Amino acid sequence: MTVLTRTIEVTRTYGDVTALDGVSLEIHQGELVGLLGPNGAGKSTLINLLVGLRRPTSGTVELLGGSPMDASVRRGIGVTPQETGLPTSLKVGETLDFVARHYPVNRKDEVVERFGLADLIKRQIGSLSGGQRRRVGVALAFVGDPKIVFLDEPTTGLDVEARRALWDGIRAFHADGGTVLLTSHYLEEIEALAQRVVVVGGGRVLADDTVQAVKRFVGVRKVSLAAPELPDLPGVIDTERRDGRYHLVTGDSDALVVALVKSGLPFEDLEVQPTSLEEAFLAITATEASHV
Ligand SMILES: Nc1ncnc2c1ncn2[C@@H]1O[C@H](COP(=O)(O)OP(=O)(O)OP(=O)(O)O)[C@@H](O)[C@H]1O
């Protein structure tokens with residue numbers, strides 16, 4: 001499979017903050033990859049390195065067989081950053097034309113159809129709703145006939161209908177053989193679009209797998225309780241004892257609580273909480289590492 005972009009052991013620091021820590025990743029032609037992670041995980045930094053907006057502190061970034069710092073290489077990509085500022089006095093059609101003129105080949109008409117922009121063509125950007133403006137902003141990434149498109153949180157803040165309209169446009173590009181890397185906070189969004197999901201947390205790749213495999217981690221819960229001691233309990237991934245309380249990470253909190261009650265051991269102040277995907281991964285990867 002042709003690799004369109006890759007990072008090799010990439011680290012990026014901002015002063016004392018390590019935004020990315022030894023990230024190696026490959027995106028192949030025809031893939032639609034979701035980059036999932038909480039705030040501050042390093043998703044935008046990774047995208048910014050891949051599209052040449054920032055340089056890595058160490059490691060290598062390749063884009064379309066060259067360097068993302070090379071403007072002629074960047075002509076082959078499409079990007080929509082997390083925030084876009086489109087000129088409010090331009091009409092949607094004029095904005096599309098303006099972008100299209102920067103590329104030797106453009107797909108303007110196709111983009112208008114795929115992203116449902118026909119009704120907005122004559123409207124000024126300033127008159128659009130937030131959702132419509134975002135749709136235009138994302139659609140612009142596809143105008144220059146890109147080989148790969150990078151979208152940083154394309155649908156954050158959009159209602160269900162606006163989100164679906166955007167998903168349809170992205171799906172159509174992918175169905176036609178296009179390659180996309182998009183970031184999201186939501187596994188559901190990635191599930192709706194992609195097969196492959198890369199989970200990032202604390203600047204590291206925590207998982208790179210199918211959406212199905214990653215979904216296993218979503219049901220992981222944290223069960224905490226005060227008890228003098230604990231019996232052997234089923235399905236415990238990780239145990240921590242802090243301030244007289246046990247904190248257990250498990251994939252099946254119901255079975256764990258049933259086993260706990262059946263054991264007859266005294267306990268009090270039981271709490272069952274969802275974990276974030278990042279917490280679940282950290283617990284599981286730490287357990288796996290300690291078993292190696
Ligand atoms: N220009 C910068 N200067 C200083 N620190 C930065 C800069 N850009 C990012 N960071 C820090 O690097 C870390 C990673 O940030 P990044 O924006 O890449 O995360 P993210 O996963 O995209 O988060 P979000 O989902 O909130 O957009 C954070 O701790 C952030 O504060």
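These legends describe views of a predicted model.

**View 1. The protein chain as a whole.**
The protein chain holds 10 helices and 13 strands. Its C-alpha trace spans about 75 × 40 × 35 Å along the principal axes. The chain has 292 residues, and 37% of them count as buried. Of the contacts between residues at least 6 apart in sequence, 68% join residues at least 24 apart.

**View 2. The shell around the ligand.**
Around the ligand are Y14, V17, A19, G37, N39, G40, A41, G42, K43, S44 and T45. Two or more residues of this shell come from each of the elements β2 (17-28) and α1 (43-50). Helix α1 gives the most, with three residues.

**View 3. The kinds of residue in the shell.**
How many residues of the shell around the ligand are nonpolar, polar and charged? Four are nonpolar, six are polar and one is charged. The residues around the ligand include G37, N39 and K43.

**View 4. The buried residues of helix α3.**
Helix α3 covers residues 92-100, and V92, T95, L96 and V99 are buried in this helix. Seen down the axis of α3, the buried residues fall within an arc of 100°, so they line one face of the helix. An α-helix has 3.6 residues a turn, so residues three or four places apart point the same way.

**View 5. What lies over the buried residues of α3.**
Which helices are included in what covers the buried residues of α3? Among them are α4 (108-114) and α5 (130-140).

Conventions: Residues numbered from 1 in each chain as written. Predicted model: local features only at pLDDT ≥ 70, side-chain atom pairs only at ≥ 80, totals over all residues. Near = placed C-beta within 6 Å. Helix = DSSP H or I, 4+ residues; strand = E, 2+ residues; numbered from the N terminus. Nonpolar A, V, L, I, M, F, W, Y, C, P; charged D, E, K, R; others polar. Buried ≥ 20, exposed ≤ 12 C-beta atoms within 10 Å, placed from the backbone. Contact = placed C-beta atoms within 7 Å. Arc of directions from axis to C-beta.
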